[in-house]
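I opened this model to look up helix packing, sheet order and the ligand shell. My notes follow in the order I checked things.

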Amino acid sequence: MTREEEIKRRRTFGIISHPDAGKTTLTEKLLLFGGAINVAGAVKSNKIKKTATSDFMEIERQRGISVATSVMGFEYEGYKINILDTPGHQDFAEDTFRTLTACDSVIIVVDSAKGVEAQTRKLMQVCRMRKTPVIVLVNKLDRIGRDPFDLMDEIEKELQIQVCPLTWPINSGPDFKGVYNIYRKNLSLYRADIQSITEAIDFEDINTPELDEQIGSDADTLREHLELVDGVYPPFNNEEYFDAEIAPVFFGSALHNFGVKELLDCFVEIAPSPLPTKAIERVVKPMEEEFTGYIFKIHANMDPNHRNRLAFVKVCSGKFERNTNYYHVRMGKKMKFSSPTAFMAEKKSIIDEAYPGDIVGLPDNGNFKIGDTITGGEELHFKGLPSFSPEMFKYIDNADPMKYKQLAKGIDQLMDEGVAQLFTLDFNGRKLIGTVGALQFEVIEYRLLHEYGASCRWTPMNMYKACWISSDDQEQLENFKKHKYQYIAKDKHGNDVFLAESQYLLQMAQSNYPKITFNFTSELV
Ligand code: GDP
């Protein structure tokens, strides 16, 4: 196969949902179709369940599961599919945001009874920001759910995207009969007692009496619904889907493996193959000859005695080859990788080559930071790996005077992994850790102790938000910094950050200093 063909057959995507909507179940069914796993139950949920006693070993064990399921690759009908797993727990939302930057498209799972939930709305914002093509699966049709037209309205409103149903359900719950595939013009009948897939019946013309024979009195309702669908929603258009203007919608029951094959077959056909990636210097196209890639995730090894980490590289162009010299742009030096790994289903194995769209795991002992670019030699800096404004803050202090160095090193490396963000206050040099969730503080404390032998002490700080500040008007910026000197800090890259104690104080600052831009995300480059 030529390099072009390899690239074209790749589909790299993420599945996002609010916890419990069915992401793990769908992932597992997709892997079953790909023959990547043989039995149900092989895919472990990456949900971090916080126990009442803050069982740290449990968190560690669960982190182990999440490295195993970070990337799941499999072959299906000539396509190479890479599913990038996104932590469902909202305390790990930053990790999810970064993983989304490595996805060429996304499947959103929505619970048919609950509709669009908070976490889905939040993750969709990231997709919208990056114009990532999305497909929606309305799941759990075997349970009584909401009216499909209501759900379509809600998805349009809440996710701010025009929907385009490609399948349509016939009832839900005990009366669920199946789905009509609008895209392929056929009907799949649901049988609660059978787990295997039944053959779809073609219906070019839904007005034939045969439809009544199949689904009885529901046939007329289906015809009415389809007429409405036809009148209300735009026809499917690949370009609009690529531009993230419309979202194709599917209905099904992941648990009963129903509607999943329809989704997968359509997905491989319409979803984008690897897309160009923006760098500061230029846009990099996947078909380019030279290898380029960037690190979007770093995962620490489970073994505390070996501080090895695995850096996840998204291949953006060319071809990645084992034992070849590549250029680590930030460090300005050449590096060779003797044991790059790829992820097939839940297994990890050493590979010789990888193509755009693929994710390669590079064993690392501290050379990489999130956002690092590797190339064949070109000075390139990929953009778009966002850092989000944290919402919880604690001062971190050394609790063991003998271990000062260990603490500093531990903090440094954990921040490189993107576990949380470090801010150093300008006026007194105190270190402040900002996170998006409370669980991270526990993870940091635990890992500092077990991996670096360092102890820390936390002092909570009541803070509303940290935002990055910049301005073309240097005088105003300097004035502001002087006036608010107690609340000015530097992030890890030396950028100015304003720590706002309340929403009110932030609004005041914004109106008093109109020439200053207050940013709630910063791009790591
Ligand atoms: P995740 O948190 O989004 O990964 O959700 P899971 O895949 O772990 O599913 C949450 C729960 O919903 C589990 O108990 C699943 O068995 C159940 N579930 C998933 N899909 C379906 C479905 O189609 N129908 C029904 N009835 N239950 C489902």
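**Entry 1: helices α11 and α12**

I began with helix α11 (residues 404-416) and helix α12 (residues 439-452), which pack at about 120 degrees with axes 10 Å apart. Axes here are lines fitted to C-alpha atoms, for helices over the stretch in contact, and angles run from 0 to 180 degrees between N-to-C directions. Helices (H or I, at least four residues) and strands (E, at least two) are DSSP runs, numbered from the N terminus. α11 and α12 are therefore oblique to each other. The cut-offs: under 35 degrees is roughly parallel, over 145 roughly antiparallel, 65 to 115 roughly perpendicular, and the rest oblique.

I noted that this is a predicted model, where local features need pLDDT of at least 70, side-chain atom pairs count only at pLDDT 80 or more, and totals for chains, interfaces and linings use all residues. Residues are numbered from 1 along each chain as its sequence is written.

Which hand does the crossing of α11 and α12 have? I find it right-handed. A crossing is right-handed if the near helix is turned clockwise from the far one by less than a right angle, and left-handed if anticlockwise.

Next I listed the contact. Gln406, Leu407, Lys409, Gly410 and Leu414 of α11 meet Ile444, Arg447, Leu448, Glu451 and Tyr452 of α12. Contact means C-beta atoms, placed from the backbone, within 7 Å. By class, I get five nonpolar, two polar and three charged residues in the contact of α11 with α12. Ala, Val, Leu, Ile, Met, Phe, Trp, Tyr, Cys and Pro count as nonpolar, Asp, Glu, Lys and Arg as charged, and the others, Gly among them, as polar.

**Entry 2: helices α4 and α5**

I then turned to helix α4 (residues 93-101) and helix α5 (residues 118-130). Their axes come within 10 Å and cross at roughly 30 degrees. That makes α4 roughly parallel to α5. α4 passes α5 in a right-handed crossing. From α4, the contact takes Ala93, Thr96, Phe97, Leu100 and Thr101; from α5, Lys122, Leu123, Val126, Cys127 and Arg130. The residues of this contact are six nonpolar, two polar and two charged.

**Entry 3: the eight-strand sheet**

What order do the eight strands take? I read β28-β25-β27-β26-β30-β31-β29-β32, an open sheet with antiparallel pairing. Strands pair if DSSP finds at least two bridges between them. β28 (456-461) and β32 stand at the edges with a single partner strand each, so one side of each lacks a neighbour in the sheet. Neighbouring strands of this sheet are turned by 40 degrees against each other on average, direction ignored.

I checked some pairs. Strand β29 (residues 465-471) runs antiparallel to strand β31 (residues 496-500), joined by four bridges. Alanine 466 has leucine 499 in β31 as its bridge partner. β29 also pairs with strand β32 (residues 516-519), antiparallel, over four bridges. There, serine 471 stands opposite isoleucine 516 in β32. Strand β26 (residues 421-425) and strand β27 (residues 431-435) are antiparallel too, over four bridges. Leucine 422 faces isoleucine 433 in β27.

**Entry 4: the four-strand sheet**

I found an open sheet of four strands in the order β7-β8-β9-β10, paired antiparallel. Its edge strands, β7 (167-170) and β10 (201-202), each pair on one side only. Helix α8 (residues 218-232) packs on the sheet, touching β7 and β8 (178-181), and its direction makes about 150 degrees with that of β7.

Four bridges join β8 to β9, which run antiparallel. Glycine 178 stands opposite leucine 189 in β9. The hairpin of β8 and β9 has four residues between the strands, and lysine 185 takes a positive phi near 55 degrees in it. Strand β9 (residues 186-189) and β10 pair over two bridges, antiparallel. Asparagine 186 stands opposite aspartate 202 in β10, and leucine 187 has isoleucine 201 as its bridge partner.

**Entry 5: the ligand shell**

Last, I looked at the ligand. Which residues come nearest to the ligand? Of the 18 residues around the ligand, these are Gly22, Lys23, Thr24, Thr25 and Leu255. Near means a C-beta atom, placed from the backbone, within 6 Å. Helix α2 (residues 23-33) gives the most to this shell, with three residues. By class, I get four nonpolar, eight polar and six charged residues in the shell.

Key:
Two residues are in contact if their C-beta atoms, placed from the backbone, lie within 7 Å.
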